[in-house]
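The structure is shown first, and the text follows it.

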Amino acid sequence: MAANKIFVAGHRGLVGSALVRRLQAGGHDNLITRTRAELDLLDQKAVHDFMAAERPDYIFMAAARVGGILANNTRRADFIYENIAIATHIVHAAYAAGLRRMLFLGSSCIYPRDCPQPMREDHLLTGPLEQTNEPYAVAKIAGIKLCEAYNDQHGTAFCSAMPTNLYGPNDNFDLESSHVLPALMRKIDAAKKENQREVVIWGTGTPRREFLHVDDLADGCVFLMEQGVEDGIYNIGVGEDVTIRELAEVIADVVGFDGEFVFDTSKPDGTPRKLLDVGRMKKLGWSAKTSLRDGIAGTYDWYRENY
Ligand code: GFB
């Protein structure tokens, strides 16, 4: 189902920028975007005025305060406050302006820490969350529940996508606040250039994570829009995971680094394993296409051109 006017909230971020690329490639050229300076999503009135004036036919809710394990764990108030505020402002403003369709972007950290693997959509709220990102996860769960509640009470068609750990162009490569993949890419690249023999990896290297190229995520999200999906939660992942050590080895291979890894166990591991069950998207006819190695190679090219 085509939508005419599409608002991509958070279009400068990793996910939002991939959505813009994918939508434009697919012939959706009536996109609405706003920088933070133009529209502060923490300002409720500004969001309501914007929705009432622009009246988009479809909203991709990809705006969020995001970060890796350390940022999540240390800026806990920012992560819960900003993400709840942005979600409530956008969902309520969309409803109040009489808009019907939205895809809310969540995260695989909404599932319980000790969830059975792979994690299905119906595992939501079946156990305690991982402590390092509980504030972010609670905010994202609130977003999902907002969508469900507005659908139930007001007949909106707000659905939610739960991506696994993402990477790709426009990622954050700051060593303090980034996710593991860009952090290791930067550290390993620097070690190679400076002829260092060692790269420090946080934690034990044993946690397992699933990594999805952000272009695959964007493709899955646009697929959900075009299918006319109107409610529910959809896991979007690749269905395979690797240990953090294995991830570092793939990156080292792409970069051409043959030194050693040392593990800083004063840093947290986070959740032991986070692998999505992607059966629901598969049933609809969608699956991810990019292999981890190809995705990392492409992202490394982007990194070298931009840093
Ligand atoms: O990607 P990451 O920060 O987030 O870390 P999570 C994944 C794993 O990589 C953890 C290890 O076990 C880290 O200890 N790691 C090793 C590193 N070296 C590094 C490094 O240099 N930097 C980073 N950042 N990690 C986040 C959540 O969890 O994932 C968010 O906090 C969100 O809420 C996001 O869900 C997708 O996978 O642990």
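Two strands are said to pair if DSSP finds at least two bridges between them. By that rule β4 pairs with strand β5 (residues 157-163): five bridges join the strands, which run parallel. The model described here is predicted.

**The sheet**

Strands of a sheet pair through backbone hydrogen bonds, either parallel or antiparallel. In this model an open sheet of six strands has the order β2-β1-β3-β4-β5-β10, and the pairing is parallel. Its edge strands are β2 (31-32) and β10 (233-236), each of which pairs on one side only.

At the β2 end of the order, strand β1 (residues 6-9) runs parallel to β2, and two bridges join them. Phe7 stands opposite Ile32 in β2.

On one side of β4 lies strand β3 (residues 58-61), paired with β4 in the parallel sense over four bridges. Here Ile59 stands opposite Met102 in β4. Met102 also has a bridge partner in β5, namely Phe158.

Is strand β4 buried or exposed? Residues under 20% relative accessible area count as buried. Five of the five residues of β4 (residues 101-105) are buried, so the strand is largely enclosed by the rest of the structure. Both of its faces are covered, with Arg101, Leu103 and Leu105 buried on one side and Met102 and Phe104 buried on the other.

**Helix α7**

Helix α7 (residues 214-227) has 14 residues, which at 1.5 Å a residue should span 20 Å; the end C-alpha atoms are 20 Å apart, so the two values agree. The helix is mostly covered, as eleven of its 14 residues are buried. The buried residues of α7 include Val214, Leu217, Val222, Phe223, Leu224 and Met225. Charged side chains are also on the buried list, with Asp216 and Asp219 among them. Gly228 follows α7 and has a positive phi, near 75°.

**Backbone details in loops**

The peptide bond from Gln117 to Pro118 is cis, with omega near -10°.

Two residues other than glycine have a positive phi. Arg55 has phi near 45° and is found in the loop between α2 (44-54) and β3. Its relative accessible area is 42%, so Arg55 is partly exposed. Asn170 has a phi of about 70° and lies in the loop between β6 (165-167) and α6 (180-193). With a relative accessible area of 33%, Asn170 is partly exposed.

**Cavities and a pocket**

How many cavities of 30 Å³ or more does the model contain? The count comes to two.

| Space | Volume |
|---|---|
| Largest cavity | about 50 Å³ |
| Second largest cavity | about 30 Å³ |
| Second largest pocket | about 260 Å³ |

The largest cavity is lined by Ser108, Cys109, Tyr111, Pro112, Arg113, Met119, Glu130, Asn133, Thr271, Arg273 and Lys274. By class, this lining divides into four nonpolar, three polar and four charged residues.

Around the second largest cavity, the lining consists of Met61, Ala63, Ala64, Asn83, Ala87, Phe104, Ala139 and Lys140. Two or more of these residues come from each of α4 (76-96) and α5 (134-154). Six of the lining residues are nonpolar, one is polar and one is charged. Phe104, listed in this lining, is also one of the buried residues of β4.

The second largest pocket holds about 260 Å³ of space. Of the 17 residues that line this pocket, Phe211, Val238, Glu240, Thr290 and Leu292 are the closest to its centre. The pocket lining has seven nonpolar, four polar and six charged residues.

Technical notes. Residues numbered from 1 in each chain as written. Predicted model: local features only at pLDDT ≥ 70, side-chain atom pairs only at ≥ 80, totals over all residues. Heavy atoms only, no water. 1 Å grid on protein atoms, 1.4 Å probe; cavity = no way out; pocket = protein on both sides within 12 Å on 5 of 7 lines; lining within 4 Å. Points joined across faces, edges and corners; volume = space filled by probe spheres on them. Buried < 20%, exposed > 50% of the residue type's maximum accessible area, 1.4 Å probe, protein only. Expected span 1.5 Å × (residues − 1).
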